[in-house]
Amino acid sequence: MLMPVYILLSLLLFTPSVQEDAYKAKREQMVEQQLKRRGISDKAVLNAMRSVQRHLFVPPSIAAEAYTDGALPIGYKQTISQPYMVAYMTQVIEPTPAMKVLEIGTGSGYQAAVLAEIVKQVYTIEIIPEHGKMAAARLKQLGYDNVEVKIGDGYAGWEEHAPFDAIVVTAGAESVPPPLFEQLREGGRMVIPVGPVYMTQTLKLIQKKRGKAVTRNLMPVVFVPFTREKQK
Ligand code: SAH
C-alpha cells in the first residue's frame, strides 16, 4: 500500500532512531571545531569522538553543555575531561583494534567508552565506588561489552590482565606509579599527568623501550588529583 509522502516523512522523523541522538550535530561541530582544528587527525579517534554520546556521561542537568569546550563536574568533586583532552590522550597512545588498554580514573566512563570504540579491550579502575558503579552500569547499558570496571586504587594497576599495550591515567599523579610502568608491555605507551597536587601538571608520554622509560613532555594540564585512599 502506498503512503502519502507526508505520512512517510513524519514517520521517519519521529522514529526513535532519528530522535534519540539530537546531539549528533553538536558532536560533529565539536569534532570540527575543537578537535580537528587543534590537530587531532587520527581517523579512528575522530570517529570514536563522533560516536560516543558524551551527553549520557554527564549529569542530566548539564546534558546540554556536554559538547562545550571544557571539563564538566560529574559529582564527588570529580570532572569529565575536556573533549580535546580525551581525544588527545587517546591519539598519543596510537590506538589500534588489537590493543588491550588500562585506564586509571574511570570517572564517568567517557574516556573508557572512547577507547572501547577503537581497541579490543579496556580495563578501567576507579577509586570512588559511586563513580565506578555508575560508570559500569552506564557502559553496560550502552553496550560496551569490551570494558571492565574495577573499584579500587589504580596505583597497583591490574596485575591479572597485564601486560597492557597502553595505559591512560586520567588523574594527576605526583610521580609515575612503578606498578603501572611494570605492567606496560615492551614498546607500549603510557600517557599520564604528573606534577604536584592542585597545581599545573605536565602531561607525559612514556614509552617502554628495552625495559626503560623514554619520556616526552607533551603539555601543561590540570587534572583532579590521583588519590591513594578511598574518598568520602
Ligand atoms: N576518565 C574520566 C575522568 C576522570 S576524573 C572520564 O572520562 O570521565 C579522574 C578520576 O580518577 C576520578 O573519578 C577519581 O576518583 C579517579 N581517581 C583518582 N585517583 C585514583 C586512583 N588512585 N585509582 C583509581 N581512580 C582514581
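1. Is Lys77 buried or exposed? Lys77 is exposed, because its relative accessible area is 81%. Here exposed means over 50% relative accessible area, buried means under 20%, and partly exposed lies in between (1.4 Å probe, protein chains only). Lys77 is in the loop between strand S1 (72-75) and strand S2 (78-80). Its phi is near 60°, a positive value in a residue other than glycine. Helices (H or I, at least four residues) and strands (E, at least two) are DSSP runs, numbered from the N terminus.

2. Some ground rules. This is a predicted model: local features need pLDDT of at least 70, side-chain atom pairs count only at pLDDT 80 or more, and totals for chains, interfaces and linings use all residues. Residues are numbered from 1 along each chain as its sequence is written, and side-chain values use heavy atoms, with hydrogens and water left out.

3. Backbone points to check. Most residues other than glycine have a negative phi, and most peptide bonds are trans. Glu94 has a positive phi of about 50° although it is not a glycine. Glu94 sits in the loop between helix H5 (83-92) and strand S3 (100-104). With a relative accessible area of 45%, Glu94 is partly exposed. A cis peptide bond joins Ala162 and Pro163, with omega about 0°. Pro163 belongs to the loop between strand S5 (147-151) and strand S6 (164-169).

4. Helix H5. This helix is largely enclosed by the rest of the structure, because 10 of its 10 residues are buried. Among them are Pro83, Tyr88, Thr90 and Gln91.

5. The UniProt annotation "active site", from an unreviewed entry, covers Ser81. UniProt positions are given in the numbering used here, feature names are shortened, and annotations may be inferred rather than shown by experiment. Ser81 is in the loop between S2 and H5. It counts as buried, because its relative accessibility is 17%. Not counting residues up to four places away in sequence, Ser81 touches Arg54, Gly70, Ala71, Val86 and Phe223. Contact means heavy atoms within 4.5 Å.

6. Nonpolar cores. A nonpolar core is a set of buried Ala, Val, Leu, Ile, Met, Phe, Trp, Tyr and Cys residues joined through side-chain atoms within 4.5 Å. The largest has 48 residues, and Met49, Tyr110, Val191 and Leu203 have the most contacts inside it. Elements that each supply at least two residues of this core include helix H3 (24-35), helix H4 (43-51), H5 and strand S8 (201-209). Another core, of 18 residues, lies apart from it, with Leu102, Leu180, Met190 and Phe226 among its members. Leaving aside neighbours within four places in sequence, the contacts of Val191 include Met89, Ile167, Leu203 and Leu218.

7. The ligand. It is surrounded by 25 residues, and the closest are Ser108, Glu126, Asp153, Gly154 and Thr227. A residue counts here if one of its heavy atoms lies within 4 Å of the molecule. A ligand oxygen atom is 2.6 Å from an N or O atom in the side chain of Glu126. A ligand nitrogen atom is 2.9 Å from a polar backbone atom of Gly105. A nitrogen atom of the ligand is 3.1 Å from an N or O atom in the side chain of Thr170. On its own the ligand has 580 Å² of accessible area, and the protein covers 99% of that. Accessible areas come from the Shrake-Rupley method with a 1.4 Å probe; for residues, only the protein chains shown count as cover.

How values were computed: Polar contact = N/O pair within 3.5 Å; in protein donor to acceptor, adjacent residues only side chain to side chain.
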